[in-house]
Amino acid sequence: MQRQQRFESQRAKMSVVRPFDKLPVLNSAAILLVGTDEDLQRQLAQTILKEKKDFKISIHLATSLPLPAERDHIRPRIDLIVFMINVQSKYGFKNIEASLAHVDANFFLGKVCFLVTGVGRVNHCSVDMSAVRKLGDVYCSPLVFCELELEGIRISTAQRLLRMLQICAGHVPGVSALFFSSLMRSSNDE
Amino acid sequence: RRLDMRPLKEAIAEAVVQLCQENLASIKEAAVLDIVYNHTFQNKRVWTVYQMTKATGGETDIFDFTAFKRKFKRRIQSSLINVTINFKEFEDNAIWIRIAWGTSYTKPNQYKATYVVYHSQTPYAFISKSINRSNLPLLCQALIVASNYGDIREMELRSHCLDSLKDIVFKRYSQTFQTHHPKPLQERNVAPENVDPRLIQEDKSEKERIQRVNREVFGDGPQPKLEFAQYKLETMFKSNPKMVNVSERESFRCLVKFSSPHLLEALKSLAPAGMADAPLSPLLTCIPHKARNYFKIKERKGVLAASLVSP
């Protein structure tokens with residue numbers, strides 16, 4: 001109930017994350033991880049930091065949106081938003097659904113992706129997979145399934161996200177975030 | 001290759017038997033030994049808390065242990081001859097009573113004894129759940145007679161951990177007090193983590209709020225140890241009216257049971273772990289203050305205190 005109230009009052013302030021409201025910084029990129037599982041978030045962030053990269057990165061961690069308004073002026077332009085869905089937590093899923101309303105529509109042109117974890121433990125799943133897929137469809141964003149507790153998968157996910165981040169930040173000439181829609185096409189569409 | 005413990009156990013058992021025979025040990029010694037064993041391993045049993053109330057106009061007499069034992073034994077034996085009753089006093093003023101029940105025709109069953117823990121300075125008694133329900137009224141009667149109380153009632157509070165039950169009813173756990181002015185978060189002696197400046201925690205203030213709310217609700221100290229909380233719902237089923245035709249105004253009966261090796265600590269860690277909003281529902285956080293973990297929830301009026309259950 002309280003979550004609802006905070007949502008309403010803050011929505012009124014129109015605090016939405018926008019992709020183009022700030023100037024980009026040379027050779028930098030910022031990624032925003034949104035999810036309620038803090039340990040996993042932190043682990044992923046640290047794995048991303050360890051990876052070799054030739055640009056300056058800043059990783060922003062949040063449990064939900066909107067982001068606190070008082071930090072707006074010091075926050076850089078967000079290039080990629082990763083929503084971390086843990087299918088074992090219905091509470092977390094609802095949080096993410098509510099947070100999506102605070103993302104500007106322009107982000108959904110390739111600058112958002114959903115990371116889905118916890119699918120391995122079938123007995124503990126409390127979020128319906130069809131609901132997760134529907135989220136991906138409705139918001140036209142790719143779903144990436146991974147079990148982040150395994151180091152190998154975490155590293156390869158971090159590498160993948162870094163590559164996506166580079167493209168979203170415009171560091172790769174000739175490739176824009178709009179190309180990610182090709183990730184959305186499945187064999188069912190043929 | 002497994003070590004065969006049997007000869008060792010048998011040797012010890014035989015030595016004990018011999019020792020008992022040499023010293024002419026009787027049932028009494030065996031019973032007292034049983035009490036000592038159960039006192040050491042008290043958390044193996046499930047304990048229920050009972051509260052006694054003074055008869056109107058009753059005075060607080062100085063506790064006389066000998067008189068207590070005599071009155072207790074007399075009250076039980078006046079209804080049932082075939083019982084074995086033993087007492088042992090421990091540190092912290094705990095009196096342990098062991099009762100082995102028989103019937104009019106059978107000898108007391110020493111293997112299914114009931115244990116009662118009574119603190120003479122308090123109106124509380126803790127009874128182990130192994131009791132045969134038919135003997136319970138007699139036991140309760142004997143307790144109030146022996147301790148000069150007027151009435152006794154079973155509280156909706158049960159757990160394995162006897163010490164935690166005592167903590168709850170004797171109010172020995174760290175309690176929280178409502179303050180008018182919310183205190184700013186106190187500086188804790190925590191070494192600052194080597195945080196990478198590239199990692200930015202956006203909702204730091206929200207995390208601090210959750211910690212503060214948690215401390216206000218749960219206090220700083222360790223929580224009493226309970227294993228379950230049970231909520232019996234006798235409420236109407238609320239659904240989309242277009243759904244199934246639940247036209248009959250019947251209560252939808254449902255039982256919700258929370259279980260955990262340490263329920264209150266688990267609840268305390270829910271919000272910081274990002275699994276629930278803070279503050280939690282008062283139905284969960286009121287458990288130690290209301291000294292109960294079994295609830296009945298009825299329609300409209302919210303939480304209804306269970307009616308006094310007479311033994």
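**Ser147(B) has its place in helix α4 of chain B, which covers residues 136–147.** Helices here are DSSP runs of H or I with at least four residues, strands are E runs of at least two, and both are numbered from the N terminus. The model is predicted, so local features need pLDDT of at least 70 and side-chain atom pairs pLDDT 80 or more, while totals for chains, interfaces and linings use all residues. Residues are numbered from 1 along each chain as its sequence is written, chains are lettered from A and ligands numbered from 1 in the order written, and side-chain values use heavy atoms, without hydrogens or water. Apart from residues up to four places away in sequence, Ser147(B) touches Met52(B), Lys54(B), Phe68(B) and Tyr118(B), where contact means heavy atoms within 4.5 Å.

**Leu136(B) also belongs to helix α4 of chain B.** The relative accessible area of Leu136(B) is 2%, and the residue is therefore buried. A separation of 103 residues in sequence lies between Leu136(B) and Leu33(B). In space, their C-alpha atoms are 24 Å apart.

**Asn86(B) is found in strand β2 of chain B, residues 83–89.** Asn86(B) is a buried residue, because its relative accessible area is 7%. When neighbours within four places in sequence are left aside, the contacts of Asn86(B) include Lys28(B), Ala31(B) and Ile35(B). Trp96(B), Ile97(B) and Arg98(B) are also in contact with Asn86(B).

**Chain B is divided into two parts, domain 1 (9–169) and domain 2 (228–309).** These bounds come from an automatic or database domain assignment. Eight residues from domain 1 of chain B and nine residues from domain 2 of chain B take part in the contact. The two domains of chain B bury about 890 Å² between them, and carbon and sulfur atoms account for 64% of this area; buried area is the accessible area (1.4 Å probe) that two parts lose on being put together, summed over both. Glu156(B), Arg158(B) and Ile168(B) provide 59% of the area that domain 1 of chain B buries against domain 2 of chain B, more than any other three residues.

**Polar contacts, but zero salt bridges, are counted between domain 1 and domain 2 of chain B.** A salt bridge requires a side-chain nitrogen of Lys or Arg within 4 Å of a carboxyl oxygen of Asp or Glu. Three residue pairs, both residues at pLDDT 80 or more, are in polar contact across this interface. A polar contact is a pair of N or O atoms within 3.5 Å; within protein, one must be able to donate a hydrogen and the other to accept it, and residues adjacent in sequence count only if both atoms are side-chain atoms. On the side of domain 1 of chain B that touches domain 2 of chain B, β6 (151–159) and α5 (162–169) of chain B each supply at least two residues. The most comes from β6(B), with six residues.

**Chain B and chain A meet through 19 residues of chain B and 24 residues of chain A.** About 1800 Å² is buried between the two chains, and 42% of this area is on carbon and sulfur atoms. Of the area that chain B buries against chain A, 38% is supplied by Arg198(B), Leu199(B) and Glu202(B), more than by any other three residues.

**Three salt bridges are found across the interface of chain B and chain A.** In one of them, the side chains of Glu202(B) and Arg75(A) meet at 3.1 Å, N to O. The count of residue pairs in polar contact between chain B and chain A is 12, with both residues at pLDDT 80 or more. On the side of chain B that touches chain A, β7 (199–201) and α6 (204–218) of chain B are the elements that give two or more residues. The most is given by α6(B), with four residues.

**Chain A contains five helices and five strands.** Along the sequence, the elements of chain A follow the pattern α-β-α-β-β-α-β-α-β-α. Chain A has 190 residues, of which 48% count as buried. Of the contacts in chain A between residues at least 6 apart in sequence, 82% join residues at least 24 apart.

**Chain B contains nine helices and 11 strands.** Chain B has 311 residues, and 38% of them count as buried. For contacts in chain B between residues at least 6 apart in sequence, the share that joins residues at least 24 apart is 68%.

Technical notes. Buried means under 20% relative accessible area, exposed over 50%, partly exposed in between (1.4 Å probe, protein chains only).
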